[in-house]
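Visitor: Could you take me through this structure? I would like to begin with the strands and then turn to charged pairs.

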Amino acid sequence: MTYHSGSRAVQDRVGVRDLADHVGQAIGQGIRPVAAAFLELQPLLIVGAADPESGAVWASPLTGAPGFVRATGPRQISVAGGVGPGDPLTPALSAAGTPLGTIALDPRTRRRMRLNGRARPTPRGFAVEADQVFSNCPRYLQRRESYETTDRVRGMPRRGAELSPSQRGFIEAADTFFLATVHAHGADVSHRGGNPGFVRVDSPGELRWHDYPGNSMFLTLGNLAVDPRAGLLFLDWESGAALQLTGTARTEFTDDGERTVRFTLTEVVETPAASPLRWSAPEYSPANPSASAGE
């Protein structure tokens, strides 16, 4: 199943069903050798899923020495290690059969790869049996030339019901975030990027962003059309801090095809030094619209 009813509804509303059918031919279940080689070079993997008990959707960062993510079968990846202590995705990764979305992103080359399937715990971490494997174009992805692995100590997660002033500043200075969504048969994680300010915080519990033109598949907005639950992950690419938000999102459409996504927060988790990676300063994507686009 390439597209479900939610994606089809959005494609039809925007008028891109034929283009989506063409682009969707790139979605497969197998992991090609070039994709396997790409995965083994990455020190960062973003995963997203719904908590099997609460139903809340979260996105979390996983890091390791290159090779910690690798293809171990024609349709399977294995991940050594897991999320850090207190991470809200711990219950999902501990349950066999959890629908899981993943995205491996390399800022050095502006390449990204998504693999969605079902997770199962393993002695060294977890594995994912793939249902969907595909790459995305490099638009809106900021280039970061290099990274170093530090010995910083991960902080304890701090939970809250609304955004603090410092967390608001964190979000409004971001040039990248990750968006986890779900549907009846699976989960997905996508990347969103833009110049700082492309995400706006309207209140301690509300934020929004303009949905820039993409590959026309509308997997993310299609998921939100049938299930509004969503999880957002913002990373500080220098300090390693992570800001995870869970809540619901809805898409507003204008007559000329413009789209704005509005997110309502249920819970926020902030973790200092969640990642040991320190990346170099960004070179913003030439595809990024101005931060005021869509206002």
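Guide: The conversation below covers a sheet, its hairpins, several salt bridges and a helix.

Visitor: Before that, what kind of model is this, and how are residues numbered?

Guide: This is a predicted model, in which local features need pLDDT of at least 70 and side-chain atom pairs count only at pLDDT 80 or more, whereas totals for chains, interfaces and linings use all residues. Residues are numbered from 1 along each chain as its sequence is written, and side-chain values use heavy atoms, with hydrogens and water left out.

Visitor: Fine. What is the strand order in the open sheet?

Guide: The open sheet has seven strands in the order β2-β1-β5-β6-β7-β4-β3, and the pairing is antiparallel. Its edge strands are β2 (57-63) and β3, each of which pairs on one side only. From one strand to the next, the twist averages 35°; axes are lines fitted to C-alpha atoms, for helices over the stretch in contact, and angles run from 0 to 180 degrees between N-to-C directions.

Visitor: What counts as a strand here, and when do two strands pair?

Guide: Strands (E, at least two residues) and helices (H or I, at least four) are DSSP runs, numbered from the N terminus. Two strands pair if DSSP finds at least two bridges between them. In general, strands of a sheet pair through backbone hydrogen bonds, either parallel or antiparallel.

Visitor: Let us take β4. Which strands does β4 pair with?

Guide: Strand β3 (residues 69-73) pairs with β4 in the antiparallel sense over four bridges, and arginine 70 stands opposite serine 78 in β4. These two strands form a hairpin with two residues between them. β4 is also joined to strand β7 (residues 125-136) by five bridges, again antiparallel; there, glutamine 76 has glutamate 129 of β7 as its bridge partner.

Visitor: And is β4 mostly covered or mostly open?

Guide: Strand β4 (residues 76-80) is mostly covered, with four of its five residues buried. Buried means under 20% relative accessible area, exposed means over 50%, and partly exposed lies in between (1.4 Å probe, protein chains only).

Visitor: How many bridges join β5 to β6, and β6 to β7?

Guide: The hairpin formed by β5 and β6 has four residues between the strands, and arginine 110 in the turn has a positive phi of about 55°. Between β6 and β7 there are 11 bridges, and these strands run antiparallel. Leucine 115 stands opposite valine 133 in β7, and the hairpin from β6 to β7 passes through two residues.

Visitor: What about β1 and β5?

Guide: Strand β1 (residues 44-50) and strand β5 (residues 98-106) pair antiparallel over three bridges. Valine 47 has threonine 102 in β5 as its bridge partner.

Visitor: Changing topic: how many salt bridges are there?

Guide: The structure holds 20 salt bridges. A salt bridge is a side-chain nitrogen of Lys or Arg within 4 Å of a carboxyl oxygen of Asp or Glu. One of them joins aspartate 131 and arginine 75 at 3.7 Å, N to O. This pair links distant parts of the chain, 56 residues apart: aspartate 131 is in strand β7, and arginine 75 is in the loop between β3 and β4.

Visitor: Is that pair buried or partly exposed?

Guide: Aspartate 131 counts as partly exposed, at 33% relative accessibility, and arginine 75 also counts as partly exposed, at 28%.

Visitor: Which partner does aspartate 175 have, and how accessible are the two?

Guide: Aspartate 175 forms a salt bridge with arginine 144, and the closest N and O atoms are 2.9 Å apart. Aspartate 175 lies in the loop between α5 (165-172) and β10 (176-183) and arginine 144 in the loop between β7 and β8 (147-149), so the pair ties together parts that are 31 residues apart in sequence. Aspartate 175 is buried at 7% relative accessible area, and arginine 144 is buried at 4% relative accessibility.

Visitor: Lastly, which residues of α6 are buried?

Guide: Helix α6 (residues 219-226) is mostly covered, with six of its eight residues buried. The buried residues are Leu219, Thr220, Leu221, Gly222, Asn223 and Leu224.
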